[in-house]
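Please read them with the structure open.

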Amino acid sequence: MSETRDEIMSATYRALCAHGYADLTMQDIADETELSKAALHYHYDSKQELLESFLDFLYDEFTERVGDPEGETAPERLRALVEKVLSPPVEDDDERVAFKTAILELKAQAPYDEGIRERLQRFDAFLHDEFETVLADGIESGAIRDEIDPDDAARFLVTALDGASTKQVAVGQDPDCARRMLTAYIERTLTADGEDREPQEVGPE
């Protein structure tokens, strides 16, 4: 089933980019594969079940790509984590925007759909835990100020990144502003005084 699942997940991605969430049908997804609609229903009873499986698939990819950020110090790892989240793997601008738009439509269903809500919460929980772990390690090593609450700071970073993604789709806002301001927050608010780091450009003079 692995190869078939991968084919269906890739087809779901392409169909979401082409049609968005609201207009997406099982036939649209089947058209992106060599499977018939009936064969697709053999693997997934409904569009709901398929999209939940697709979110699980995305979660596995997200955790592999974003987890365990590189860097020798906690501030470096925090900046690397922000950069990974703000720099999606899709290079084509139109494709990236189309897919993010479809995901934003899915997010709009979360208040009414428990299956979608639970899966989206997994993304936030994973990212929060990554930030919190780095922050706690940084406090222990002296790289992050000891008065910082790792849970609060992690929640803020996740919320800011989610907002940046939403703004990019909804109003076309360049995420570079969020990148600069979050870098400034890491370096000026979280990083302990005297931490050895390369100076970062955080905005116009």
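1. Glu 52 counts as buried, because its relative accessibility is 17% and the cut-off for buried is under 20%. This is a predicted model. Arg 119 is also buried, with a relative accessible area of 19%.

2. The side chains of Glu 52 and Arg 119 meet in a salt bridge, 3.8 Å from N to O. Glu 52 sits in helix α4 (residues 47-66) and Arg 119 in helix α7 (residues 114-141), so the pair ties together parts 67 residues apart in sequence.

3. Asp 56 and Arg 122 form a salt bridge, with the closest N and O atoms 3.3 Å apart. Here too the pair links distant parts of the chain: Asp 56 is in helix α4, Arg 122 in helix α7, 66 residues apart. Asp 56 is partly exposed at 22% relative accessibility. Arg 122 is partly exposed as well, at 35%.

4. Arg 79 and Glu 187 pair through their side chains in a salt bridge (3.4 Å, N to O). Arg 79 lies in helix α5 (residues 74-86) and Glu 187 in helix α9 (residues 176-190), so parts 108 residues apart in sequence are tied together. Both residues are buried.

5. Salt bridges with shared partners join Glu 52, Asp 56, Arg 119 and Arg 122 into one network. The whole structure has 11 salt bridges.

6. Thr 12 belongs to helix α1 (residues 2-19). Thr 12 is buried, with a relative accessible area of 0%.

How values were computed
Residues numbered from 1 in each chain as written. Predicted model: local features only at pLDDT ≥ 70, side-chain atom pairs only at ≥ 80, totals over all residues. Heavy atoms only, no water. Helix = DSSP H or I, 4+ residues; strand = E, 2+ residues; numbered from the N terminus. Buried < 20%, exposed > 50% of the residue type's maximum accessible area, 1.4 Å probe, protein only. Salt bridge = Lys/Arg side-chain N within 4 Å of Asp/Glu carboxyl O.
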